[in-house]
Amino acid sequence: MNMKTVLVLLLLALATIFALVCVLLTRARAPGACQHQPPAQEEADDGRSRVFADLTPEELAQVVQYLRGSLGVPLADAAHAKPSDNCIASVDVQLPAKAEVLRFLDAGGARPPREALAVLYFGAQAEPNVTEYVVGPLPTPAYHRDVTVQKYGGKVPYHRRPALPAEYKQVAEFFKIQVFPAAPSFMHQVMEYDGANLAAVTAAPRGSQSGDRLTWFIMFQNVSGFFLHPVGLEVLVDHSSLDLAQWAVHRVFYNGQYYRDMLELESIYVQGGVHVEKVRRAPQDGDFSSMRPRAPVAATFPLQYEPQGPRYSVRSNHVIFQAWSFAFGMSVMTGIRLFDIQYNGERVVYEMSVQEALSVYGSNCPGGMSTRYMDSSFGIGRYASPLVRGVDCPYTATYVDMHTLHEGMSSSRKTTALCIFEQNLGSPLRRHYSNLQSLYYGGMVNSALVLRSITTVGNYDYVWDFVFYQNGAIEGKVQATGYTSSSFFHGNGLQYGNRVWEHTLGTIHTHFVNYKVDLDVGEVKNSLVAHDMAFEMAQAPWNPEQQIERPRLTEKVLDTEDQAAFRLHSTMPRYIYFATNQKNKWGHQRGYRIQIVSFAGDHIPEASSMERAISWARYKLAVTRRKEEEPTSTSIYNQNDPWTPTVAFADFINNETITNEDLVAWITAGFLHIPHSEDIPNTLTVGNSVGFLLRPYNYYNLDPSIYSPDGVFFTSEQDFMACEVNPITCLSQTASCLPSLPPFTYDGFQNISRL
């Protein structure tokens with residue numbers, strides 16, 4: 001082979017290699033499937049967060065089996081129980097005392113025994129009552145103890161029990177068999193009743209004094225979005241008797257007029273004395289109330305994805321994200337709750353949880369005007385709805401199933417009840433562009449971790465978020481959506497809302513949400529400090545004749561619970577923070593500031609006979625000493641007997657000292673909602689969001705986000721097109737893949753509203 005041939009072959013080989021390299025580079029830049037790498041954090045989960053974990057299906061089954069064999073009384077299945085039966089209403093985890101948990105987490109102490117809290121209805125006893133038992137140790141129960149008197153100071157009267165689904169089914173049968181047949185002409189000619197075309201919504205509380213179980217049931221057309229289709233008929237039912245045969249109609253309302261019962265309504269109707277407002281029968285899809293899109297499918301909306309996979313990890317009930325770590329759970333009654341929240345290995349919050357969601361309605365119809373919903377009684381966690389990928393949460397979020405036991409003998413699995421995701425909020429967390437003296441740009445994308453649950457309690461959907469920012473701040477917020485409640489439009493209805501359809505009055509109402517935040521800033525014991533600003537008049541040092549209005553910092557240590565209880569309309573210092581005796585590098589007490597985002601007005605006049613049951617809503621912020629005997633600001637039993645509340649938050653505030661003590665912040669946020677035409681078919685989350693932030697205040701020596709790998713910085717003297725200088729430049733290579741999306745799934749529809 002001569003030299004010329006060798007050169008030709010060599011050139012061909014080089015050309016082939018060059019072409020291959022070009023192909024590989026092209027493929028590297030072309031969109032393809034993202035290669036999801038393991039999360040950045042690979043710390044082993046040693047199982048310590050299990051001390052806060054919800055009960056497993058196996059544990060729930062063991063508790064039920066133990067109770068059935070150990071109480072010495074028959075237990076009916078709550079799904080079918082009569083009021084005169086004994087049954088298990090719910091089983092949830094019984095959290096250990098904080099001191100026990102901290103000894104285990106921080107001091108190498110023994111793991112606290114795992115226990116359950118079982119709520120039982122005893123309708124078959126001589127004195128029917130509600131009893132709460134602590135059952136343990138799990139997974140093999142060997143003991144139970146009655147904690148009712150210890151928790152509430154006495155037995156819980158039976159009339160205070162939250163209604164079971166079985167009771168609503170029994171009410172539905174009562175309507176079909178006894179109520180509606182008493183007015184056949186009216187029901188057929190006016191309501192066009194066919195046995196299935198009416199849906200009912202319960203009002204609450206039930207009556208006007210302790211011992212009552214009198215409920216207004218509001219009738220709607222049973223179509224999609226039935227909450228917007230009132231028909232003008234409301235019935236007050238006395239279902240206080242444990243004998244279903246003794247239930248009775250107490251009053252009837254139709255189109256502005258009241259009647260003794262359905263017989264009287266029928267009699268006056270056939271005589272022509274009832275003013276009838278005939279409601280056009282709506283199609284099954286609800287027409288105006290349907291959420292069916294009115295536009296065809298077009299271009300796909302933007303999607304969020306993680307080019308190298310999630311930067312957080314979820315192991316059992318434990319989450320790690322950047323410098324954050326925390327445990328999570330879901331209470332059947334109060335919903336999402338977080339524990340042992342740490343940043344850079346330091347505990348900031350021991351517990352952060354939802355306590356209550358309250359709505360107070362106005363109307364000129366009886367059901368609406370008497371409604372004060374306390375959603376924990378219905379079950380905020382119980383009604384956690386399955387989350388829809390790509391709408392309720394980003395498509396590629398991590399979805400977590402939950403297991404609960406309520407109103408039955410076996411646990412139920414709530415699929416996709418929680419989602420966890422990192423979200424690029426589309427704006428900088430911080431940034432500065434300098435074109436004076438030195439030339440540079442510095443900034444950081446605001447990417448935060450979100451833990452979300454959405455609960456649908458009747459007509460309303462609440463989006464519960466806890467957001468963890470890279471600067472050490474935490475946000476708790478709730479967004480309200482779903483269907484607005486409505487009343488039948490008649491008479492002076494416009495004094496109580498806006499007319500939103502022909503026969504539909506969107507009724508004025510308030511939303512109040514209460515949170516418990518057990519901050520442990522630097523250590524367990526903290527003090528509460530207030531900073532604000534005041535103007536002082538000063539002479540200019542360089543010119544005594546010149547006056548300057550100079551802002552100066554004001555400081556006050558709030559020594560007692562009374563000083564730390566800020567009523568809704570009172571002035572609250574703009575900077576209020578939990579402070580530790582530890583100091584940062586600059587000599588300041590390390591602290592975390594509480595910043596509330598709320599538009600709440602009056603909750604209810606304090607002269608009201610039921611105000612003490614919701615007295616937590618008097619305060620936008622109240623800080624009290626932490627006590628094991630004050631675990632919650634309210635009770636699930638307050639809804640059905642607010643006149644003698646089982647728990648009255650106002651009693652927590654008794655002027656105890658709060659200096660260098662273990663403290664809890666009780667935070668209330670809320671807003672007024674006057675429904676309007678744009679709330680049809682659904683109320684929007686935009687503008688209907690309230691909550692709070694916990695922000696580091698001299699806790700660190702400088703902004704901790706400066707240590708985040710997400711920061712970007714380059715100067716005029718650097719090559720900002722180089723990847724090692726500016727990683728944003730190379731996104732076309734590092735983030736050019738397409739996500740491999742999991743298949744869409746959805747589980748869970750249930751309808752218990754037909755009459």
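Tutor: Asn698 sits in the loop between strand 33 (689-697) and strand 34 (711-715), and the model in which we find this residue is a predicted one.

Student: Why is Asn698 called partly exposed?

Tutor: The relative accessible area of Asn698 is 28%; buried requires a value under 20% and exposed a value over 50%, so Asn698 falls in between and is called partly exposed.

Student: What makes the phi of Asn698 worth a remark?

Tutor: Its phi is near 60 degrees, a positive value in a residue other than glycine. Most residues other than glycine have a negative phi. Asn660 is a further case, with phi near 55 degrees; Asn660 is found in the loop between strand 31 and strand 32, and its relative accessible area of 32% makes it partly exposed.

Student: What is the polar partner of Glu661, and what makes the pair a polar contact?

Tutor: Glu661 lies in the loop between strand 31 (619-625) and strand 32 (663-673), and its side chain pairs with the side chain of Arg625 at 3.4 Å. The limit for such a pair of N or O atoms is 3.5 Å, and the distance of 3.4 Å is within it, so the pair counts as a polar contact. Beyond four places in sequence, Glu661 also touches Val524, Lys525 and Asn526.

Student: Is Tyr460 buried or exposed, and how do you know?

Tutor: Tyr460 has a relative accessible area of 2%, and the cut-off for buried is under 20%, so Tyr460 is buried. This residue belongs to strand 20 (residues 460-468), and an unreviewed UniProt entry annotates it as "modified residue: 2',4',5'-topaquinone".

Student: Which residues does Tyr460 touch, and what joins the side chains of Tyr460 and His511?

Tutor: Leaving out residues up to four places away in sequence, the residues touched by Tyr460 include Tyr361, Tyr483, His509, His511 and His673. The side chains of Tyr460 and His511 are joined by a polar contact of 3.3 Å, a value that lies within the 3.5 Å limit.

Student: What makes the pair of Tyr619 and Phe649 edge-to-face?

Tutor: The whole structure holds 39 aromatic pairs, and in this one the centres are 6.1 Å apart with 65 degrees between the planes. Rings pair if their centres lie within 6.5 Å, and planes over 60 degrees apart count as edge-to-face, so both conditions hold for Tyr619 and Phe649. The pair links distant parts of the chain, with Tyr619 in strand 31 and Phe649 in the loop between strand 31 and strand 32.

Student: How do you know that the largest nonpolar core lies between domain 2 and domain 3?

Tutor: That core has 77 residues, and those with the most contacts inside it are Met352, Trp464, Leu519 and Leu694. Strand 15 (residues 346-361) gives the most to this core, with 6 residues. Domain 2 (165-289) and domain 3 (313-408 + 416-432 + 446-487 + 494-707) both give residues to the core, so it lies between them. A second, separate core of 27 residues includes Phe175, Leu198, Met219 and Val274.

Student: How many residues of domain 2 and domain 3 are in contact?

Tutor: 29 residues of domain 2 meet 31 residues of domain 3, while the C-alpha centres of the two domains lie 37 Å apart.

Student: Why is the peptide bond joining Gly136 and Pro137 worth a remark?

Tutor: This bond is cis, with omega about -15 degrees, and Pro137 is found in the loop between strand 3 (129-136) and strand 4 (143-146). Most peptide bonds are trans. The bond from Leu138 to Pro139 is also cis, with omega near 15 degrees, and Pro139 likewise lies in the loop between strand 3 and strand 4.

Conventions. Residues are numbered from 1 along each chain as its sequence is written. This is a predicted model: local features need pLDDT of at least 70, side-chain atom pairs count only at pLDDT 80 or more; totals for chains, interfaces and linings use all residues. Side-chain values use heavy atoms; hydrogens and water are left out. UniProt positions are given in the numbering used here, feature names are shortened, and annotations may be inferred rather than shown by experiment. Buried means under 20% relative accessible area, exposed over 50%, partly exposed in between (1.4 Å probe, protein chains only). Contact means heavy atoms within 4.5 Å. A polar contact is a pair of N or O atoms within 3.5 Å; within protein, one must be able to donate a hydrogen and the other to accept it, and residues adjacent in sequence count only if both atoms are side-chain atoms. A nonpolar core is a set of buried Ala, Val, Leu, Ile, Met, Phe, Trp, Tyr and Cys residues joined through side-chain atoms within 4.5 Å. Domain bounds come from an automatic or database domain assignment. Rings of Phe, Tyr and Trp (its six-membered ring) pair if their centres lie within 6.5 Å; planes under 30 degrees apart count as stacked, over 60 as edge-to-face and the rest as tilted.
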